[in-house]
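This report is an introduction for a reader who has not seen the structure before. The sequence and the model come first, and the notes follow.

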Amino acid sequence: MTCPHRPGADADADRKAGAVPSTEDIVRDEGARLDFAREMSYGDYLHLDALLDAQHPLSPAHDEMLFIVQHQTSELWMKLLLHELRAAIANLARDELAASFKQLARVSKILEQLVHAWDVLATMTPPEYSALRPHLAQSSGFQSFQYRRIEFALGNKNAAMLKPHVHAPQRLAEVDAAWRAPSLYDEALRLLARRGFAIPADRLERDWTLRHEASAEVEAAWLAVYRDPKAHWDLYQLAEELTDLEDAFRLWRFRHVTTVERVIGFKRGTGGTGGVSYLRKMLDVVLFPEIWSVRTSL
């Protein structure tokens, strides 16, 4: 008497014999769903049709696709960075430090991703960039409204940087709101004051559209935290999270400078800035000054 043949019997025999299963065998055995006529698929959830149809090179240059994808993916990372940064600022204001630490750590990791994005763009040589540059017209990363919101949220306030967004009222409103709101560091100083540290009143309620200026009293507060971390452990951890964040932000800026110099030298930027000269000046901007100066006093 012979056994009736059943689907998959040959595959079972092959596996017993030590044969490597095929992809088809694995998919069948795992019960993977293959029909999405009435179900939401991966592409549906991520709106991949719209996302992957958003690259429209304007030149015949092969390397323009790299240029577009690198900048679009950076903007996506910045969108996530803003999502986490806004939440971290809100949690600091509510004294929910544990949640803010997780979000600030994630911001630092996102900045690491943005640093490595320059590695890919740096594979573009000067002649390759020159072939597509005329097609960029006056467009430039200098005009990124998300980057501006990040800078403002980190405290680098500058009213002049609202002007590139005047032509887009919705984006201008978003950048303006970030310009007028307390920064991450402003909320950190408010937290120090709530914990009893002598933070000057003019650092707690002020014109938030202005950059924070270094203060001896603020440095003294951070010095007390660093000299007795056990007594102020969460504030000590906050200070180190801020240090990590600015460290990563500086690396992002530095990698930007070196990539631009490698690709275009000292030509002026498409957005009208001095290019490398402008970017180098931005390297000197310090976001959380007392967090860095306190190290000299320890």
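Predicted model: local features only at pLDDT ≥ 70, side-chain atom pairs only at ≥ 80, totals over all residues.

## Helix 11 and its surroundings

Helix 11 covers residues 216-227, twelve residues in total. From its first C-alpha to its last it reaches 16 Å, close to the 16 Å expected at 1.5 Å a residue. Its buried residues are V218, E219, A221, W222, L223, V225 and Y226.

The buried residues of helix 11 pack against helix 10 (184-194), helix 12 (233-264) and helix 14 (289-297). The contacts with helix 10 and with helix 12 are described in turn below.

## Helix 11 against helix 10

The axes of helix 10 and helix 11 cross at roughly 65° and come within 11 Å. The two helices are therefore roughly perpendicular to each other, and their crossing is left-handed.

On the helix 10 side, the contact is formed by Y185, L189 and L192. These meet V218, A221, W222 and V225 of helix 11. By class, the residues of this contact are seven nonpolar, no polar and no charged.

## Helix 11 against helix 12

Helix 11 and helix 12 pack with their axes 9 Å apart, at an angle of about 110°. That angle makes helix 11 roughly perpendicular to helix 12. Helix 11 passes helix 12 in a left-handed crossing.

The contact of helix 11 with helix 12 has eight nonpolar, one polar and one charged residues. W222 and V225 are also named in the contact of helix 11 with helix 10.

T243 is a residue of helix 12. Is T243 buried or exposed? With a relative accessibility of 8%, T243 counts as buried, because the limit for that class is under 20%. Leaving out residues up to four places away in sequence, T243 touches Y226, I291, W292 and R295. T243 and I291 are 48 residues apart along the chain, and their C-alpha atoms are separated by 6.9 Å.

Helix 12 also packs with helix 6, at an angle of about 15° and with the axes 9 Å apart. That makes helix 6 roughly parallel to helix 12. The crossing of helix 6 and helix 12 is left-handed. The residues of their contact divide into 17 nonpolar, four polar and five charged.

Helix 5 runs over residues 64-93 and has 30 residues. Its reach from first C-alpha to last is 43 Å, close to the 44 Å expected at 1.5 Å a residue. Helix 5 is followed by D95, a residue in the loop between helix 5 and helix 6 (97-121).

Phi of D95 is near 65°, a positive value in a residue other than glycine. D95 counts as partly exposed, at 37% relative accessibility. Another positive phi belongs to A137, which is not a glycine either; its value is about 55°. A137 is found in the loop between helix 7 (126-132) and helix 8 (145-153).

R149 has its place in helix 8. Its relative accessible area is 16%, and R149 is therefore buried. Which residues is R149 in contact with, leaving aside its neighbours within four places in sequence? They are L82, R86, E174, V175 and A178.

H165 lies in the loop between helix 8 and helix 9 (169-180). At 3% relative accessibility, H165 counts as buried. H165 touches Q143, S144, F145, R148, L172 and V175, not counting residues up to four places away in sequence. V175 is also among the contacts of R149. H165 and Y236 are 71 residues apart in sequence, and their C-alpha atoms are 38 Å apart in space.

Definitions and conventions:
Residues numbered from 1 in each chain as written. Heavy atoms only, no water. Helix = DSSP H or I, 4+ residues; strand = E, 2+ residues; numbered from the N terminus. Expected span 1.5 Å × (residues − 1). Buried < 20%, exposed > 50% of the residue type's maximum accessible area, 1.4 Å probe, protein only. Contact = heavy atoms within 4.5 Å. Axes fitted to C-alpha atoms, helices over the stretch in contact; angles between N-to-C directions. Parallel < 35°, antiparallel > 145°, perpendicular 65-115°, else oblique. Left-handed = near helix turned anticlockwise from the far one by under 90°. Nonpolar A, V, L, I, M, F, W, Y, C, P; charged D, E, K, R; others polar.
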